[in-house]
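Work through the following exercises with the sequence and the coordinates at hand, and compare each step with the solution given.

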Amino acid sequence: MYLEDIYYFWKMTFNFISSHDFEVIHIDRERREVWLEKNKGKSTDIIRLKQQTFDWSNHLQRDQDVVAEKVKHLTKTLMGREVNVHSIYISQFPPVDDWERDPVHIKAKKTVRMYTYFVLQREREQSLEDVYESLNIQEDPFPPEGEEEMEGQVPNLRRAVDQAIEANIKNQQAVLSHGKPILTYLFIAMNILMFVVLELNGGSQDTSTLIEYGAKFNPLIVEGEWWRIVSSMFLHIGIAHILLNMLALYYLGNAVERMFGSVRFFAIYFVSGIIGGLASFALSQNVAAGASGAIYGLFGALLFFGLIYKKLFFRTMGSSIIGILIINIVFSFAIPQVDIGAHLGGLVGGFLASSFVHFPKKRNVLSQAASFVAVLAVGGSLVWYGIGGNEDFNPHTQTVLASYYQETGQFDLAFDVANQAIKEHNSVNSVLYFIRSYGYIQQNQVKQAITDLKRSIELNPDNESAHYNLGVLYARQGEKDLAIDAVQKALEINPEAEDYQELLGELEGSG
């Protein structure tokens, strides 16, 4: 009876969805074909339910080949290492000739087996029992129905299936839509504003400007300026740096803020940025800035989403997110200038912060408490390790610190740092000798200043300021020829410098 086939198609579909937690992957109502999925940890069951009768086994084989090709593509988004495909035909009778009843192995990246069943008109009860037994489902037999009852129930079953599908879609959309990306746009605006401020006040690639406006700089952090861990999150070095980071923040921030809501997003973003900044402090003495730690934290938040909502994650963004993250981590290790500590620290911080705040309407007190403790432990460990590792600064860091003090008018501090660096490391850095010479000039120790300027020029003959200062000192001592020679060398390097030209004119015009 054709009506009976239609009834059992919708009855079984609704039963799998409502009573056994299968989810609809695809449904074709006109051809009465539905694909259902259920993950069991290491394996996934796929049910392909279709109302169709085959006259011959070769017709069945062609349909099975179509199913096998679809399964190959589908396995990319399925969880687990094993996939069991149950192809169930609701049919009035089987093919008239012999057909393959043993499981078929489908060649794919995962272990895939396809089982074929017929729910036949003349033996419905036994056929259904075989199907449910193969699926390891305990199910009471469907009670027999008269033709009139089946005809009345089919529309109700169709509506029930549609409602279940619609409810599942709404639940998935609800998971992905807990808020609007208000903070994402605000953070982008703040980063762009600070970039403009840097460009207007010395340049975003000028080290002293970066330090002045709050970049991560270990010597000043050790002295107590811990706020730099946060302020550095909103500074960027060069146009390419901010463009790439803001593009990443736009896409990742949109996704994460919608999933977690703005309050949780705020916590994830700042915890990630702080842990990333502390990791940079612990592992690198270089001046650093950028939102990369916080952005990698958003990757961590998406990985946590994948842990909680595995199926939805891999159906929507999972493979792309993991691929992009792997590429970024590889590049982070491959390019020396990249602050790998900030990236990996932010990734870990974002995952832990997401586990702590969790998703709206979801709670796991034990897991959240453990994540909170983990955040404190990771942050505290990085602070402890960073302080221990920054007791002695390398020559480059000391040079940057001395230059910063020099440019901000803190000449005594600049002299002390330069003098210490030269003595501790037997430095061959032209800048350190130049800075120390300036300190000697302030202390009216001209001979020591001249010695340092000569050493600075020896290490870097193109140091125009050293040539000029040497000329000034020679002029003060009345050594006119040496002064003229020094200023001329400064002018050879920078012919447009008006103060050089003016001093040379004075020296050459004097009796």
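**Exercise 1: an aromatic pair**

Phe-356 is partly exposed, with a relative accessible area of 35%, where buried means under 20%, exposed over 50% and partly exposed in between (1.4 Å probe, protein chains only). The model is a predicted one, in which local features need pLDDT of at least 70 and side-chain atom pairs count only at pLDDT 80 or more, while totals for chains, interfaces and linings use all residues. Residues are numbered from 1 along each chain as its sequence is written, and side-chain values use heavy atoms, with hydrogens and water left out.

Task: classify the geometry of the rings of Phe-356 and Phe-372.

Solution. Start with the accessibility of Phe-372, which at 39% also falls under partly exposed. Next, apply the ring rule: rings of Phe, Tyr and Trp (its six-membered ring) pair if their centres lie within 6.5 Å, and planes under 30 degrees apart count as stacked, over 60 as edge-to-face and the rest as tilted. The centres of Phe-356 and Phe-372 are 5.1 Å apart and the planes stand at 35°, so the pair is tilted. Finally, Phe-356 belongs to helix 14 (residues 340-357) and Phe-372 to helix 15 (residues 365-389), so the pair ties together parts 16 residues apart in sequence; helices here are DSSP runs (H or I, at least four residues), numbered from the N terminus.

**Exercise 2: a second pair**

Task: determine which class the pair of Tyr-250 and Tyr-251 belongs to.

Solution. By the ring rule the count comes to 28 aromatic pairs. In the pair of Tyr-250 and Tyr-251, the centres lie 5.1 Å apart with 85° between the planes, which is edge-to-face. Tyr-250 is partly exposed at 37%, whereas Tyr-251 is exposed at 55%.

How values were computed
Helices (H or I, at least four residues) and strands (E, at least two) are DSSP runs, numbered from the N terminus.
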